[in-house]
Amino acid sequence: MGYDPANPMADRITDIGPPHYSKFHPPVVAKNKGKWLWHEITQPGVLVHKAESGDECWTVRVGAARLISTELIYEMCDIADAHCDGFLRFTTRNNVEFMVDDKAKVQPLLDDLASRGNKFPVGGTGAGVTNIVHTQGWVHCHTPATDASGVVKAVMDELFDYFTSMKLPAQVRIALACCLNMCGAVHASDIAILGVHRKPPMIDHSRITGVCELPLAISACPLGAVKPAKATVDGKEIKTVKVNNERCMFCGNCYTMCPAMPLADPDGDGIAILVGGKVSNARSAPKFSKLVIPFLPNTPPRWPETVAAVKNILETYAGDAKKYERIGEWAERIGWEKFFEKCNIPFTIKSVDDYRLAYDTWRTTTQFKYTNAIK
Amino acid sequence: MPTIEHNGNSYNCDEDGFLLNGMDDMNDDWIDYVKGVEGIAELTDEHHKVIDALREYYKKNGIAPMVRILSKTTGFPLKRIYELFPSGPGKGACKMAGLPKPTGCV
Ligand code: HEM
Ligand code: HEM
Ligand code: SF4
Ligand code: SF4
């Protein structure tokens with residue numbers, strides 16, 4: 001029966017979880033699961049996996065915008081129907097992978113993809129720049145300080161050549177989050193683009209009583225800048241909060257908890273760049289990314305300042321790092337003062353940690369290099 | 001600002017049907033109205049126990065209780081609270097009790 005709003009609990013199905021992934025394995029994957037011997041990247045965007053049985057699984061990886069229409073999904077299904085027995089998969093970085101069980105089927109698949117304009121760019125493998133893990137931005141969230149889809153498109157356009165090639169010292173993971181909730185991977189990516197505010201929240205005393213649980217707004221603040229207060233609204237004294245602007249560092253947590261404390265601002269808001277994070281344990285331990293550019297303006301629709309900053313860091317790294325070295329490993333080997341000098345990024349006080357455990361990030365040694373970064 | 005009319009009352013609400021002026025505007029007709037939209041057939045003593053617990057805690061502390069505290073004070077496990085309020089303690093019970101809409105990454 002169709003859903004009956006007068007009787008919402010009738011015929012209700014719940015707690016069934018996702019369908020088991022094994023239902024969607026291509027036959028060659030189902031057969032050889034757990035028995036793979038080796039793999040190889042034969043060209044940018046194309047991988048082959050060899051199984052103990054001698055079977056081969058050829059994978060073609062294509063970029064995707066993550067935010068996509070059902071029309072595009074149908075087109076992906078058509079491609080999968082035509083070449084892959086109706087099977088496909090999405091990666092953890094929101095690329096799409098088409099798999100075939102025979103080398104002879106690869107070229108027809110690549111030709112088909114190429115015939116569809118720029119919709120299905122092949123790449124994202126090996127030591128290149130793969131898809132950008134990103135967030136909602138102005139498309140759907142209420143707490144962003146910048147957009148997600150727009151900035152990502154502008155950056156990927158400029159770096160497109162690195163998506164379709166494998167000529168960097170190591171893979172470079174770029175991530176974007178539109179506020180410092182950091183949904184996704186900005187806290188641990190080679191290059192991270194992060195939306196930031198620069199102005200304290202405004203308090204709407206006329207709304208706050210009905211829409212806020214005041215103790216939550218107060219405890220949301222990492223710096224204790226929000227305090228209980230009283231205000232007069234329509235001649236009536238009400239309970240509200242006040243913000244010590246000298247203490248506020250514009251994180252926006254109080255707004256997440258309290259809708260009457262908005263802080264988004266077209267001139268104040270913009271983008272910070274962090275670099276040097278990684279998640280793998282290969283060679284060095286995982287690292288958090290670190291702030292190197294405190295502010296770039298929001299300049300839709302193409303964000304030229306942000307695009308230029310990302311490209312500059314990427315290409316300076318590409319020209320200087322050793323093989324297999326991630327951006328964070330490179331920066332730590334040459335010293336962060338050299339990172340700033342080589343990338344020609346002005347070092348500002350905003351990069352000096354001043355939050356609680358800050359002491360460990362300062363230099364407690366006489367070992368350093370003279371650079372032109374600090375004059 | 002959207003308003004909802006019910007049994008001759010007029011309530012200021014947000015787009016999710018939560019009272020914008022909070023508990024001051026809440027009365028028995030509001031409970032009757034939410035009962036309709038939340039798919040609750042008959043209001044029992046157990047429903048009232050949850051609503052009273054929420055209102056009492058909110059008046060005293062200025063926040064809605066955490067789910068574990070609501071279970072402890074009412075004696076109802078979470079499963080029972082969902083049986084009483086199919087939309088759950090936040091969207092169902094807090095709305096009926098006139099508490100502010102839950103915030104954060106919900
Ligand atoms: C203001 C707080 C937040 C809001 C409003 C918010 C909103 C959203 C929305 C609307 C989606 C899309 C859901 C969908 O596609 O159906 C989403 C996805 C997601 N969010 Fe959040 N979120 C918030 C905080 C967070 C935080 C703090 C994290 C993690 C630390 C997080 C992690 C994620 C992840 C991993 C996804 C899935 C992304 C994907 O698979 O494409 N979110 N969020
Ligand atoms: C100490 C804590 C954490 C560390 C060291 C860490 C590390 C990382 C790293 C290095 C990546 C990058 C992956 C890549 O380069 O491909 C990543 C991705 C990600 N992290 Fe975390 N993370 C931590 C906590 C969290 C938490 C608490 C959440 C969510 C609540 C989260 C959600 C994610 C998501 C959604 C991604 C994207 C994965 C993808 O590439 O699709 N992380 N994390
Ligand atoms: S990073 Fe912030 S603004 Fe962006 S989707 Fe997550 S919570 Fe919303
Ligand atoms: S924006 Fe952040 S630092 Fe500023 S008052 Fe709100 S919670 Fe505190």
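**A walk from the surface to the spaces inside**

Let's start with A:Asp85, which counts as exposed because its relative accessibility is 57%. Here, exposed means over 50% relative accessible area, buried means under 20%, and partly exposed is in between, worked out with a 1.4 Å probe on the protein chains only. Before we go on, two bits of housekeeping. Residues are numbered from 1 along each chain as its sequence is written, while chains are lettered from A and ligands numbered from 1 in the order in which they are written. The model is a predicted one, where local features need pLDDT of at least 70, side-chain atom pairs count only at pLDDT 80 or more, and totals for chains, interfaces and linings use all residues; side-chain values use heavy atoms, with hydrogens and water left out.

Back to A:Asp85. You'll find A:Asp85 in the loop between helix H2 (70-83) and strand E4 (89-90) of chain A. Its phi is positive, about 55°, although it is not a glycine. Most residues other than glycine have a negative phi, and most peptide bonds are trans. A:Asp15 also has a positive phi, near 55°. It sits in the segment before helix H1 (27-32) of chain A and is exposed, with a relative accessible area of 76%. A:Pro301 belongs to the loop between E11 and helix H9 (304-320) of chain A.

Now zoom out. Chain A has eleven helices and eleven strands; these are DSSP runs, with helices (H or I) of at least four residues and strands (E) of at least two, numbered from the N terminus. Along the principal axes, its C-alpha atoms fill a box of roughly 80 × 75 × 35 Å. Of the 375 residues in chain A, 45% are buried.

What about the empty spaces? Rolling a probe the size of a water molecule over the atoms shows where empty space is left. On a 1 Å grid over the protein atoms alone, a cavity is a set of points where a 1.4 Å probe fits but cannot get out, whereas a pocket is an open set with protein on both sides within 12 Å along at least five of seven lines; lining residues have an atom within 4 Å of a point. Grid points are joined across faces, edges and corners, and a volume is the space filled by probe spheres set on the points.

The largest pocket has a volume of about 2200 Å³. It is lined by 47 residues, and A:Leu291, A:Lys350, A:Ser351, A:Val352 and A:Asp353 lie nearest its centre. Strand E11 of chain A gives the largest share of this lining, five residues. By class, the lining has 28 nonpolar, eight polar and eleven charged residues. For these classes, Ala, Val, Leu, Ile, Met, Phe, Trp, Tyr, Cys and Pro count as nonpolar, Asp, Glu, Lys and Arg as charged, and the others, Gly among them, as polar. At least three lining residues come from each of domain 2 (148-198 + 266-361) and domain 3 (201-263) of chain A, with domain bounds taken from an automatic or database domain assignment.

How many cavities of 30 Å³ or more does the structure hold? There are two. The largest cavity has about 80 Å³ of space. Of its 13 lining residues, the closest to its centre are A:Cys221, A:Cys248, A:Phe250, A:Cys251 and A:Cys254. Twelve of the lining residues are nonpolar, one is polar and none is charged. A:Cys221 lies in the loop between helix H7 (214-220) and strand E8 (226-233) of chain A, and it counts as buried because its relative accessibility is 18%.

The second largest cavity holds about 60 Å³. Its lining includes A:Thr143, A:Asn181 and A:Cys251, and splits into five nonpolar, six polar and no charged residues.

Finally, the ligands. A residue is near a molecule if one of its heavy atoms lies within 4 Å of it. Around ligand 1 you'll meet several residues, including A:Arg66, A:His140, A:Thr143, A:Asn181 and B:Cys105. Residues from chains A and B surround ligand 1, so the site is shared between chains. A polar side-chain atom of A:Arg66 lies 3.1 Å from an oxygen atom of ligand 1. A:Thr143 and A:Asn181 also turn up among the residues around ligand 3, whose shell has six nonpolar, four polar and no charged residues.

Technical notes: Polar contact = N/O pair within 3.5 Å; in protein donor to acceptor, adjacent residues only side chain to side chain.
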